[in-house]
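Thanks for asking me to look this one over. My notes follow as numbered points, with the structure placed first so that you can check them as you read.

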Amino acid sequence: IGMRMTDYFNKLKIHRAYSLIQSSPDSIDQICEAVGINSKSYFYVLFKNEFGTTPKSIIGPPDATEQNE
């Protein structure tokens, strides 16, 4: 693979987190915990290194249907 095992697993976790952030109503804290990263600051560092942006920047606006309920 050409990378350390911990780097590989962190990459998997961060990609899973990206998917969850886009599709889940859960908070960043809940997603961070769900993917197995215990430190929110470390999560942000890994995320920014992998995607060049913060997790909050990829959260889409709530659906219009949810706002009207």
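**Notes on the model**

1. Arg-4 is exposed, at 57% relative accessibility.

2. A word on the ground rules: this is a predicted model, in which local features need pLDDT of at least 70 and side-chain atom pairs count only at pLDDT 80 or more, while totals for chains, interfaces and linings use all residues. Residues are numbered from 1 along each chain as its sequence is written, and side-chain values use heavy atoms, with hydrogens and water left out.

3. How many salt bridges does the structure hold? There are 3. Another of them joins the side chains of Lys-11 and Glu-50, at 3.0 Å from N to O. This pair links distant parts of the chain, since Lys-11 sits in helix H1 and Glu-50 in helix H3, 39 residues apart. Lys-11 is partly exposed at 34% relative accessible area, and Glu-50 is partly exposed at 30%. Helices are DSSP runs of H or I with at least four residues, strands are runs of E with at least two, and both are numbered from the N terminus.

4. Lys-40 and Asp-29 also form a salt bridge, their closest N and O atoms being 3.2 Å apart. Because Lys-40 lies in helix H3 and Asp-29 in helix H2, the pair ties together parts that are 11 residues apart in sequence. Both ends are partly exposed: Lys-40 has 36% relative accessibility and Asp-29 has 44%.

5. Helix H3 deserves a look of its own. It runs over residues 40-51, and its 12 residues reach 16 Å from first C-alpha to last, close to the 16 Å expected at 1.5 Å a residue (the expected span is 1.5 Å times one less than the number of residues). Phe-43, Tyr-44, Leu-46 and Phe-47 are buried in H3. Seen down the axis, the buried residues fall within an arc of 165°, so they line one face of the helix; the arc is that of the directions from the helix axis to the C-beta atoms. Ser-41 and Asn-49, on the other side, are exposed.

6. What do the buried residues of H3 pack against? They pack against helix H1 (5-23) and helix H2 (28-34), where contact means heavy atoms within 4.5 Å.

7. Now the aromatics. Rings of Phe, Tyr and Trp (its six-membered ring) pair if their centres lie within 6.5 Å; planes under 30 degrees apart count as stacked, over 60 as edge-to-face and the rest as tilted. By this rule there are 6 aromatic pairs. Phe-43 and Tyr-44 form an edge-to-face pair, 6.2 Å centre to centre with 80° between the planes. Phe-47 and Phe-51 form a tilted pair at 4.8 Å and 55°. Phe-47 is buried at 0% relative accessible area, whereas Phe-51 is partly exposed at 26%. Tyr-18, Phe-43, Tyr-44, Phe-47 and Phe-51 form one aromatic cluster.

Conventions:
Buried < 20%, exposed > 50% of the residue type's maximum accessible area, 1.4 Å probe, protein only. Salt bridge = Lys/Arg side-chain N within 4 Å of Asp/Glu carboxyl O.
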